[in-house]
Amino acid sequence: MSIEDDVALLERVPTLRLLGTTALRMLAIGSEQRDVARGDPLFNAGDDADAGFIVQRGAFRIEDGGGAEMVAGPGALIGELALIVPMQRPSTALALEHSSVIRVARSLFQRVLESDPAAARRLRDEFANRTSQIASDILMAGAKLSV
């Protein structure tokens, strides 16, 4: 895929779209592509998380160890929080078919944010809105359970 193809894919990811075309171009140029064979892990629960992955082709089953799972296909961002903070992977991602991803290292992502303060503010605001929504959802669920 070309850099322009990668930028177009990154623009499909809601969180990344907030950064703007210049920042996405920098991410596309600095990231790397990885291929993952069917049945192989992209990562395992407990691994150190130093990057996020955007699915280019194929699909991954994400399992959290507690029985919850979801499938991530083309355009999905896997490991979003790893772009922001050092952490361990809370889940395992297994390729359901031959798949490819764009790996965005946290160090690259942070350099892009440092070079574009406006993009960093937009991302901060998005995370703040999500956190507020999650808190509201928890309160609503708690209120329904206590009735």
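A crossing of two helices is called right-handed if the near helix is turned clockwise from the far one by less than a right angle, and left-handed if anticlockwise. With that in hand, here are some notes on the fold.

1. **What we are looking at.** This is a predicted model, in which local features need pLDDT of at least 70, side-chain atom pairs count only at pLDDT 80 or more, and totals for chains, interfaces and linings use all residues. Residues are numbered from 1 along each chain as its sequence is written, and side-chain values use heavy atoms, with hydrogens and water left out.

2. **Overall make-up.** The protein chain holds five helices and 10 strands; these are DSSP runs numbered from the N terminus (helices: H or I, at least four residues; strands: E, at least two). Its C-alpha trace spans about 55 × 40 × 25 Å along the principal axes. For 147 residues a compact globule would have a radius of gyration near 15 Å, and the 16 Å of the protein chain agrees with this. (The radius is taken over C-alpha atoms, and the globule rule is 2.2 Å times the number of residues to the power 0.38.)

3. **H1 against H3.** Helix H1 (residues 3-11) packs on helix H3 (residues 21-30) at about 120°, with the axes 9 Å apart. Axes here are lines fitted to C-alpha atoms, for helices over the stretch in contact, and angles run from 0 to 180 degrees between N-to-C directions. The pair is therefore oblique; angles under 35 degrees count as roughly parallel, over 145 as roughly antiparallel, 65 to 115 as roughly perpendicular and the rest as oblique. H1 passes H3 in a right-handed crossing. (Ala, Val, Leu, Ile, Met, Phe, Trp, Tyr, Cys and Pro count as nonpolar, Asp, Glu, Lys and Arg as charged, and the others, Gly among them, as polar.)

4. **H3 against H4.** H3 also meets helix H4 (residues 106-115): their axes come within 10 Å and cross at roughly 155°, which makes H3 roughly antiparallel to H4. This crossing, too, is right-handed. Ala23, Met26, Leu27 and Gly30 of H3 face Leu108, Phe109, Val112 and Ser115 of H4, a set of six nonpolar, two polar and no charged residues.

5. **H4 against H5.** H4 packs on helix H5 (residues 117-145) at about 115°, with the axes 5 Å apart, so H4 is roughly perpendicular to H5. Phe109, Leu113, Glu114 and Ser115 of H4 touch Pro117, Ala119, Ala120 and Leu123 of H5.

6. **The sheet S2-S9-S5-S6.** This is an open sheet of four strands with antiparallel pairing, where two strands pair if DSSP finds at least two bridges between them. At its edges lie S2 (41-43) and S6 (69-72), each pairing on one side only. Neighbouring strands are turned by 25° against each other on average, direction ignored. Two bridges join S2 to S9 (residues 92-95), and phenylalanine 43 stands opposite alanine 93 in S9.

7. **The sheet S1-S10-S4-S7.** Here again four strands form an open sheet with antiparallel pairing, and the edge strands are S1 (32-36) and S7 (77-78). S4 (residues 51-57) is joined to S7 by two bridges, with leucine 77 of S7 as the bridge partner of isoleucine 54. H1 packs on this sheet, touching S4 and S10 (99-105), and its direction makes about 105° with that of S4.

Notes:
Contact = heavy atoms within 4.5 Å.
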